[in-house]
Amino acid sequence: MVGLVVAATFWTFLWWIIGIFLWALFIYFTFMLAASKGRSPLLWVILAIFFPLITIIVLLVIPAKSRPPV
């Protein structure tokens with residue numbers, strides 16, 4: 001019985017680690033995508049913390065900012 005509890009605790013912990021890793025990956029991808037499109041990476045990362053999938057979809061759809069000529 002104790003072995004089942006330990007196994008369940010291990011797998012629960014493992015899934016939490018996988019979830020946190022994927023969440024951090026979404027945030028990193030959002031940061032890089034926003035920076036490449038000339039948008040504010042900090043603003044988009046803050047949005048991605050709370051709404052990761054929606055933020056990436058919106059960021060993929062909006063066009064890149066045009067930069068003024070030098």
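Is Arg-39 buried, partly exposed or exposed, and what is its relative accessible area?

The model is predicted, so local features require pLDDT of at least 70 and side-chain atom pairs count only at pLDDT 80 or more, while totals for chains, interfaces and linings use all residues. Residues are numbered from 1 along each chain as its sequence is written, and side-chain values use heavy atoms, with hydrogens and water left out.

**View 1. Arg-39 in the loop between α1 and α2.** Arg-39 is partly exposed, with a relative accessible area of 23% (buried means under 20%, exposed over 50%, partly exposed in between; 1.4 Å probe, protein chains only). Beyond its neighbours within four places in sequence, Arg-39 is in contact with Ala-34, Trp-44, Leu-59, Ile-62, Pro-63, Ala-64 and Lys-65 (contact: heavy atoms within 4.5 Å).

**View 2. Thr-30 within helix α1 (residues 2-36).** Helices are DSSP runs (H or I, at least four residues), numbered from the N terminus. Thr-30 is buried, at a relative accessible area of 0%.

**View 3. Helix α2 (residues 41-50) against helix α3 (residues 52-61).** Their axes come within 6 Å and cross at roughly 140 degrees (lines fitted to C-alpha atoms over the stretch in contact; angles from 0 to 180 degrees between N-to-C directions). Helix α2 is therefore oblique to α3 (under 35 degrees is roughly parallel, over 145 roughly antiparallel, 65 to 115 roughly perpendicular, the rest oblique). Trp-44, Leu-47, Ala-48, Ile-49 and Phe-50 of α2 meet Pro-52, Thr-55, Val-58 and Leu-59 of α3.

Technical notes
Helices (H or I, at least four residues) and strands (E, at least two) are DSSP runs, numbered from the N terminus.
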